Amino acid sequence: MPVSATYLSALEKLFGRNPVALLEDLYTALGTASRTTIFRILSAVGYRTSFSHAGRYYTLKDIPTFDPQGLWFYQRIGFSVHGTLRATLVRFIALAPAGQTHEELQARLGLRVHDTLRSLVGSQAIGRQRDQDAYLYLSADPEKAAGQLAKRRHVAPRVAAPD
């Protein structure tokens, strides 16, 4: 269903002032109290939801300029080409040659990801292996996970215990 010129103009004005918006901003800008109407309009023009801030922020699909890892930040609000935080973590871990630690993921994404990682391990969307003093998050594919673990141990060999 095509979006009216009035709605398109309102979105252009809203996102022209600020590249991200809260749902409340969209209600005001579009002059509607209907959540269904908001998402019908956003779906028609294309939008993204933040992976940070519990997905509370929205932007239009053409606004972000994603970095090579598929991330874009506006102020401290994160958006990912992969969508949600869960999907982004699964993708980052699957593509990491030597797996990823919580600290590495937290530094890259700019937010605490411990609970989400624990949930992903519980649902078997990713694997986890204790490595030295930290957990290493690995691909859910056992063969790939073994390669990641071997690579991590090769890159950061264990320090031998003193005799």
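This is a predicted model: local features need pLDDT of at least 70, side-chain atom pairs count only at pLDDT 80 or more; totals for chains, interfaces and linings use all residues.
**Stop 1: Leu 23**

Leu 23 belongs to helix α2, which covers residues 23-30. Its relative accessibility is 10%, so Leu 23 counts as buried, the cut-off for buried being under 20%. For a distance check, pick the C-alpha atoms of Leu 23 and Ile 77: they are 15 Å apart in space, while the two residues are 54 apart in sequence.

**Stop 2: the aromatic cluster**

Together with Tyr 47, Phe 39 and Tyr 58 make up one aromatic cluster. The count of aromatic pairs is 6. One of the pairs to look at is Tyr 47 with Tyr 58: the ring centres are 6.1 Å apart and the planes stand at 50°, so this pair is tilted.

Tyr 47 is in strand β2 (residues 47-49) and Tyr 58 is in strand β3 (residues 57-60), so the pair ties together parts 11 residues apart in sequence.

Are these two tyrosines buried or exposed? Tyr 58, at 8% relative accessibility, counts as buried. Tyr 47, at 30%, counts as partly exposed.

**Stop 3: Trp 72 and Phe 79**

Move to Trp 72 and Phe 79, an aromatic pair that is also tilted, with 5.4 Å from centre to centre and 45° between the planes. Both Trp 72 and Phe 79 are buried.

**Stop 4: helix α4**

Next, select residues 85-95, which form helix α4. Show the side chains of Leu 85, Thr 88, Leu 89, Phe 92 and Ile 93, which are buried. Look down the axis: these residues cover an arc of only 125° around it, which puts them on the same side of α4.

**Stop 5: Tyr 135**

Last, select Tyr 135 with Arg 128 and Arg 130. Which distances separate these arginines from the ring centre? Arg 128 lies over the face of Tyr 135 at 4.0 Å from the ring centre. Arg 130 lies over the face of Tyr 135 as well, at 4.9 Å from the ring centre.

How values were computed: Residues are numbered from 1 along each chain as its sequence is written. Side-chain values use heavy atoms; hydrogens and water are left out. Rings of Phe, Tyr and Trp (its six-membered ring) pair if their centres lie within 6.5 Å; planes under 30 degrees apart count as stacked, over 60 as edge-to-face and the rest as tilted. Helices (H or I, at least four residues) and strands (E, at least two) are DSSP runs, numbered from the N terminus. Buried means under 20% relative accessible area, exposed over 50%, partly exposed in between (1.4 Å probe, protein chains only). A charge sits over a ring if NZ of Lys or CZ of Arg is within 6 Å of the ring centre and within 35 degrees of the ring normal. The arc is that of the directions from the helix axis to the C-beta atoms.
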